[in-house]
Amino acid sequence: MARIGVYVCHCGGNISEVIDVKEVAAFAGEKSDVVIAKDETHMCSDVGQQLILNDIKEHKLDKVVIAACSPQFQGATFMRTVESAGLSPYVMEMANIREQCSWPHFDFPKDATEKAKDLTDMAIAKARLDESLKKKMMPIGKRVLIVGGGIAGIQAALDLGDAGFKVYLVEKDPSIGGHMTQLSRTFPTEDCAACILSPKMADVPVNPNIELLTYSEVKNIEGFLGNYEVRIEKKPTYVDPAKCTCCDDCVDVCPAKVPNEYEEGLTTRKAIYLPNPIAVPHSYVIDVESCLGQVPLACTKCFDVCEPGAINYDQYAEEINITVDTIIMATGFEIFDATQKAVYGFGKYENVITAMDMERLIVHGAEGSPLRATGNRIAFIQCVGSRDEQVGNENCSRICCMYATKLSQLLKRSDPKRDIYVFYTDLRAYGKGFEEYYKRAQGDGVKFIRGRVAEVIENSKTKKLTLKVEDTLTRNIIESEFDLVVLSVGLRPNGGTDKVANMLRISKSPDGFLQEAHPKFKPVDTLTDGVFLAGTVQGPKDIPDTVAQASAASSRAIRLMNQGEFALDPIMAFVHEDLCDGCKLCVEHCPTDAITVSSGIASVNEALCKGCGSCLAACPKDALDLHVYTNDQVLAEIKSVLKSKKKEQSRFLVFADDMTAYRLSDNVGIAKMSYSIDSRIIRIPSCSRITPKLMLEALKAGADGILLGESEEKSSPFPDAISTINSNISKVKQILRKNEIEEERIRFVQFVTVMLGGFVNNMNGLGDYLKKVRPISDKKRKKLGIRN
Amino acid sequence: MEINKTRFIRKPLDWDKVKVPKGIVHIIEERCKGCGFCIEYCPKNVLEFSDKFNSKGYHPPYAKHEENCVNCGLCELICPDFAIWSEAEE
């Protein structure tokens with residue numbers, strides 16, 4: 001007999017404003033084996049945890065159920081709590097009544113309360129059968145991969161390298177430095193950007209712990225915390241950096257010219273070029289896309305003139321395979337493509353430029369070689385590509401107000417005759433020294449006008465630009481002519497981020513930037529163990545915030561790696577020896593060769609087993625089982641969560657794999673997106689664990705449909721999961737066909753963590769379908785069964 | 001201009017000022033057997049078959065866009081009959 005304590009959390013209103021928590025607690029108190037059931041404002045607080053500790057002592061509890069948020073968020077906290085009371089951390093179960101109940105179903109408080117009861121009952125049923133397991137300890141080394149060599153990646157690499165960790169810094173461009181290399185000065189202190197950045201860049205290749213891989217891309221990542229296997233492709237530069245003296249002779253003779261990315265296409269570069277004046281590694285590079293051709297060798301002019309003999313056309317792309325323990329994502333941002341905002345005429349009118357163009361113009365102006373005239377009347381248009389639903393970007397890019405303030409001041413001060421206007425939506429000077437800096441710009445004579453520019457029209461003869469805007473403070477319509485219009489373009493997620501994010505199963509927030517694990521307390525963690533975020537990959541931010549986040553990410557990575565080992569849930573297969581007849585079917589099905597059969601009985605090698613559960617479906621005797629999610633436990637969950645179902649009501653179960661589908665359901669809840677309330681989500685390590693027998697049991701117990709949600713094959717931790725699931729489903733469908741039950745009641749979806757809408761559509765799709773086809777009749781249900 | 005291949009839609013401000021080598025194409029039409037290698041492989045697409053015939057009955061190439069020639073010398077390297085070469089413009 002178990003002694004269970006149940007705790008229902010209000011989550012400070014997040015739950016209790018929708019769900020009647022007292023009713024849920026009272027319901028739980030009635031259940032057998034439940035000794036005590038309470039509700040509390042904040043279970044995760046010290047008060048809440050102390051409550052559990054006292055009750056464990058006083059009431060001799062041996063199982064704890066907490067109905068609160070997702071186990072992804074506070075699961076670890078409560079595991080620690082029960083552990084500190086001397087119990088196994090695996091006798092604690094959570095009912096996810098926030099992400100899966102109060103948030104997605106906030107419109108239906110009554111039904112949500114009923115669902116919360118079901119979920120709590122399900123957690124009690126599982127807890128009843130919880131085994132007192134120990135954590136599985138795994139070794140961890142000191143190797144870090146940093147993706148992206150902008151200021152975030154550089155800072156993280158230096159912090160980790162200095163702390164004695166082995167760093168692989170991968171940068172897709174031929175030089176590190178990122179967007180910061182392009183800036184003129186930084187706000188609000190007006191430091192020369194290149195001058196403060198270049199010493200940092202130069203520190204990277206000389207640090208003995210940092211291996212710098214420029215012009216390289218991450219092609220594949222597999223594995224987990226402590227063992228990420230990474231494949232990197234290093235592109236050939238065709239120039240040996242050790243020999244290149246940067247004499248420029250090759251550039252003179254090179255016959256291929258293209259716009260210079262570093263100068264935002266304002267100037268021209270050759271196919272052989274120095275990426276930027278402070279490039280690290282400091283070497284010329286041949287851009288093979290624009291080179292006249294290497295196979296066959298079309299030109300060789302650079303080779304002919306290169307005195308040190310640095311050019312080598314026989315370089316090939318190199319594949320580099322490394323194993324790392326943790327990963328920091330620092331892939332940064334892209335500038336909003338201003339041509340998308342057609343009313344401002346960028347790309348069409350020669351005097352409409354972006355703020356990044358202006359950075360470059362100012363740098364050249366300061367160096368005494370201006371690229372073009374700027375004229376005397378200059379207008380800045382703010383929020384181009386930010387806070388703009390028309391272009392699909394609702395977020396504020398945070399830095400534009402201040403960089404416009406900076407650029408306008410630099411322009412004004414270099415020539416006080418200039419008339420400079422900044423047209424803003426709201427001026428956000430939120431940072432340290434920002435408000436003072438803004439005041440200074442006003443003092444210098446820059447005119448800030450509140451109003452969103454409606455249109456920019458070019459006078460085709462004079463090429464001057466007329467702006468139409470309403471000053472929303474004075475209600476005057478302004479129509480004024482300018483020589484130059486500067487668009488303060490926002491920050492967008494870097495297009496290359498998605499590929500790596502998918503490999504690492506990191507989700508995106510609705511603005512397209514990567515999602516942190518917790519907006520307040522885990523701002524640089526992700527929900528994937530051992531993967532951290534640094535800089536603008538997580539959202540727009542300025543340089544000091546980026547640097548702070550990079551240091552935070554490295555310290556979070558050090559926190560994991562410095563211990564030498566980490567704990568893993570003991571989700572592993574085990575054998576009921578009394579049932580095993582040594583048939584070896586499981587051996588064939590194990591993707592990691594973890595099962596061996598000796599003297600007629602199977603045994604599982606715990607170091608090799610990944611806990612996918614493929615062997616469970618293979619065993620004809622039900623002799624194989626999975627710790628933490630045993631057959632009995634999953635069956636008990638299924639039965640309890642369906643208990644409250646009324647006749648004529650339709651209800652379906654969702655088996656959600658921990659890695660993707662369950663996280664996705666949490667993200668949908670966080671986004672307050674609603675979906676079919678007929679669903680009941682059951683968390684499992686992988687759907688391959690759901691044997692045909694369990695599916696049929698679910699249908700027999702009252703489920704009208706089943707949705708299996710699993711990670712996409714390429715991001716799945718379990719190599720054979722998809723084929724196991726497909727074969728399990730086809731077995732079940734065969735039986736359904738025989739019993740004249742619609743096959744579409746069973747669905748299988750492969751998810752990626754970014755597809756919030758896809759999750760909702762699939763849930764509603766099945767929910768609506770089941771409403772249409774009506775619940776399965778009792779007569780048919782009874783006949784369902786499986787013969788092995 | 002190959003700007004369209006990049007993410008930039010504007011012509012760089014110094015585009016016309018940045019010099020690239022220029023070549024003059026010489027063709028010995030009588031040697032040509034019309035294999036078309038030079039036309040096929042010219043990285044700047046300078047050459048094209050002419051309408052006229054040489055005495056062997058082949059169409060020799062002609063420099064349709066000679067202004068694009070950068071004197072890379074690939075045509076000279078690739079011609080099986082030593083019928084074409086380029087020379088730097090002085």
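Trainee: How many residues of chain B are in contact with chain A?
Mentor: 17 residues of chain B are in contact with 19 residues of chain A; being in contact means that C-beta atoms, placed from the backbone, lie within 7 Å. This is a predicted model, where local features need pLDDT of at least 70, side-chain atom pairs count only at pLDDT 80 or more, and totals for chains, interfaces and linings use all residues. Residues are numbered from 1 along each chain as its sequence is written, with chains lettered from A and ligands numbered from 1 in the order in which they are written.

Trainee: What makes A:Ile52 and A:Ile56 buried?
Mentor: A residue is buried if 20 or more other C-beta atoms, placed from the backbone, lie within 10 Å of its own, exposed if 12 or fewer, and partly exposed in between. In helix 2 of chain A, A:Gly48 and A:Gln49 are buried along with these two.

Trainee: Why are they said to line one face of the helix?
Mentor: Seen down the axis of helix 2 of chain A, the buried residues fall within an arc of 100 degrees, so they line one face. The face turned away carries exposed residues, including A:Asp46 and A:Lys57.

Trainee: What covers the buried residues of helix 2 of chain A?
Mentor: The cover includes strands 1 (4-9), 2 (34-40) and 3 (63-68) and helix 3 (71-84) of chain A.

Trainee: Which residue just after helix 2 of chain A takes a positive phi?
Mentor: That is A:Lys60, at about 50 degrees.

Methods:
Two residues are in contact if their C-beta atoms, placed from the backbone, lie within 7 Å. Helices (H or I, at least four residues) and strands (E, at least two) are DSSP runs, numbered from the N terminus. The arc is that of the directions from the helix axis to the C-beta atoms.
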